Amino acid sequence: MALESGYYRTMQSLKKKSIIALNLSKTIVYSFEYKMLFTLSSIFSSFVKPPKLETDKKLIKHLELGVMELHAQDAQNIIDGIYPQGVLIPKSPLKHLKNIPLLLIDSLKISRRRKLNLKKDFDFNSPEVPDYLLRNYHFQTDGYFSEHSANLYEQQVEILFSGTAAPMRRMLIKLIKENSNNNKPLKILELGAGVGTATIDFSKSFDFEKYIVSDVSDAYLEKAKKRLGTLGFEYVRSQAEELPFQDNEFDLVISVYLFHELPRSIRGKVLSEAHRVLKPGGLIAICDSLQKDDDVALNEVLENFAIDYHEPFYKDYTLWNASLALENSAFKKVTSRSHLLSKFWVAEK
Ligand SMILES: C[S@@+](CC[C@H](N)C(=O)[O-])C[C@H]1O[C@@H](n2cnc3c(N)ncnc32)[C@H](O)[C@@H]1O
């Protein structure tokens, strides 16, 4: 018996180490790509200040420790069965490599926009897209409104976060499971789902009868549809602040990295809409950026991000009391925590 449990512990520890090693290898690849794009784009434009992340050894060490903690937690979550091992499957290395020349060219265009402070450098217009969104967030090409942008988006985000965006998103799964006792297949609505990156991991982690993937961008939804297919999923173009759904329809409303891109008044509207479409007892689950003073060592990084990556509502977001806003929208049992550069909230209707 003792021998068996010793064997089991050794196997679990080996499994944990292999998951951490796999995650770290992704971090190394994405960090290398970051260096490459950063060096190239720095030739053409400058950041607000030389990013401290490049020069401040203490800060770099602090972040490295944070990355290790995140990867260890991600591995533990898999071992504990919070989400399946399948979330670790990397996307096709060939597709990843094929994107590199496009990313290099795009980084030059991004740095030109940053230099000239060009905030709307595309022709796309639509009465169905709110004005505040018709801009080059992150100075990215075409904003959220082209196939080109949709094809590059996920890799650009992972490069920016050195391969930690996916494990950070997954921390929300753990918080939801800790706060839910609903064992029936869920009706899930995801807001601002983009190209479906979180959707892939969330759909592997929850038993669901219906999963609505929503976003305001047709191009991003089209990409999400190509990746996820239609079995169990529906794709709905909609603004998160004006949802085309009935009252009391969903068990779970998810939002990942949406709120920091919204003006404060719209954030409140989104919370009210989420509350309206949730069933009583249903949960709202939010993953977004870290906020001011969550980790004092990172305050300056957050401040510069708003300018370097053209995020007009980000500074206000970092000061926003989301727990209070959730309560003001009639949510109760608000829970919150943070991991590395992200913050998470779950609350109940
Ligand atoms: C930063 S991206 C996050 C995408 C995705 N959730 C992820 O984790 O990669 C923000 C997404 O929100 C969408 N979006 C922004 N404002 C929106 C709004 N008011 N209603 C619905 N979607 C919105 C954008 O089109 C974009 O796909």
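This is a predicted model: local features need pLDDT of at least 70, side-chain atom pairs count only at pLDDT 80 or more; totals for chains, interfaces and linings use all residues.
**Entry: one side of strand 5**

I checked the pairing with strand 4, residues 250–256. I found 6 bridges between strand 4 and strand 5, and the two run parallel.

Helix 9, residues 264–277, belongs with strand 4 and strand 5 to a β-α-β unit. I logged the unit as right-handed.

**Entry: another partner**

I turned to strand 7, residues 342–348. Here I found 7 bridges to strand 5, and this pair runs antiparallel. On the strand 7 side, E348 stands opposite L283.

A reminder to myself: side chains in a regular strand alternate between the two faces of the sheet.

**Entry: the whole chain**

I listed 12 helices and 7 strands. The chain is as compact as a globular protein of its length, because its radius of gyration is 20 Å, close to the 20 Å that the globule rule gives for 349 residues. I read the span of the C-alpha trace along its principal axes as about 65 × 50 × 40 Å.

I looked up burial next: 53% of the 349 residues count as buried. The accessible surface is about 16600 Å², and carbon and sulfur atoms hold 57% of it.

Last, I checked contacts between residues at least 6 apart in sequence. Of these, 72% join residues at least 24 apart.

Key. Residues are numbered from 1 along each chain as its sequence is written. Side-chain values use heavy atoms; hydrogens and water are left out. Two strands pair if DSSP finds at least two bridges between them. Helices (H or I, at least four residues) and strands (E, at least two) are DSSP runs, numbered from the N terminus. A crossover is right-handed if, with the strands pointing away from the viewer, the path from the first strand over the helix to the second runs clockwise. The radius of gyration is taken over C-alpha atoms; the globule rule is 2.2 Å times the number of residues to the power 0.38. Buried means under 20% relative accessible area, exposed over 50%, partly exposed in between (1.4 Å probe, protein chains only). Contact means heavy atoms within 4.5 Å. Accessible areas come from the Shrake-Rupley method with a 1.4 Å probe; for residues, only the protein chains shown count as cover.
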